[in-house]
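This report goes through one protein chain by topic.

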Amino acid sequence: MTPVSGKELLKLIKQNPGKSAKQLAEMAGYTTVTKTGQKRVKMLAFQSAVLEANNIAIKPEQEEVETVRGGRKASYRIQVQQNGNLLIGSAYTRQMGLIPGTEFEIQIGRKHIKLVQVGMPGSGEDYGEAAESKELMAV
């Protein structure tokens with residue numbers, strides 16, 4: 001059975017005012033059967049469907065950055081390591097769409113380090129000043 005959604009879901013809820021949320025979720029078809037044959041109610045899916053039916057968005061729609069399962073979120077801050085290196089993690093390079101072999105020119109300012117992409121691997125082109133750049137504040 002396909003779960004009820006949209007206006008039909010709101011109608012079902014209004015027609016059953018004395019029912020609990022769990023009972024309403026079961027009536028609307030938001031259940032699943034486990035391997036052992038036990039019936040489970042999918043409350044989160046039911047609640048999300050009710051919010052969607054009421055045109056309520058919990059998060060504003062925005063472009064989401066792909067995240068790696070179990071990885072760290074990009075904090076846009078780095079520290080100089082004990083050996084003096086600055087490490088830019090894969091979350092940043094993935095967000096910029098960089099691939100292994102992408103080259104950057106390092107420009108050092110008074111209080112910043114600027115990385116300027118100089119070309120794509122194998123293209124032989126020098127993008128120079130027209131290239132996208134990232135500035136990293138010195139620690």
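Predicted model: local features only at pLDDT ≥ 70, side-chain atom pairs only at ≥ 80, totals over all residues.

## Ground rules

Helices (H or I, at least four residues) and strands (E, at least two) are DSSP runs, numbered from the N terminus. Residues are numbered from 1 along each chain as its sequence is written.

## Confidence

pLDDT is the predictor's confidence in each residue, from 0 to 100. The protein chain has a mean pLDDT of 78. In this chain, 73% of the residues reach 70 or more.

Confidence is highest in H2, at a mean of 94. It is lowest in strand E5 (residues 133-137), at a mean of 46. Over residues 122-139, pLDDT stays under 50. For that stretch the model has 39 contacts (heavy atoms within 4.5 Å) beyond four places in sequence.

## The nonpolar core

A nonpolar core is a set of buried Ala, Val, Leu, Ile, Met, Phe, Trp, Tyr and Cys residues joined through side-chain atoms within 4.5 Å. Buried means under 20% relative accessible area, exposed over 50%, and partly exposed in between (1.4 Å probe, protein chains only).

The largest such core has 10 residues: Val4, Leu9, Leu12, Leu24, Ala25, Ala28, Tyr30, Phe46, Ala49 and Val50. H1, H2 and H3 are the elements that give two or more residues to this core. H3 gives the most, with three residues.

## Two loop asparagines

Asn16 sits in the loop between helix H1 (6-15) and helix H2 (21-27). Asn16 counts as buried because its relative accessibility is 17%. Leaving out residues up to four places away in sequence, Asn16 touches Leu24 and Met27. Leu24 is also one of the core residues.

Asn55 lies in the loop between helix H3 (43-53) and helix H4 (90-96). At 73% relative accessibility, Asn55 counts as exposed. Its phi is positive, about 55°, although Asn55 is not a glycine. Most residues other than glycine have a negative phi.

Two strands pair if DSSP finds at least two bridges between them. E3 (residues 103-108) and strand E4 (residues 112-119) pair in the antiparallel sense over six bridges. A hairpin joins E3 to E4 through three residues. Glu103 stands opposite Gly119 in E4.

How many of the six residues of E3 are buried? The count is zero, and strand E3 is hardly covered.

Definitions and conventions. Heavy atoms only, no water.
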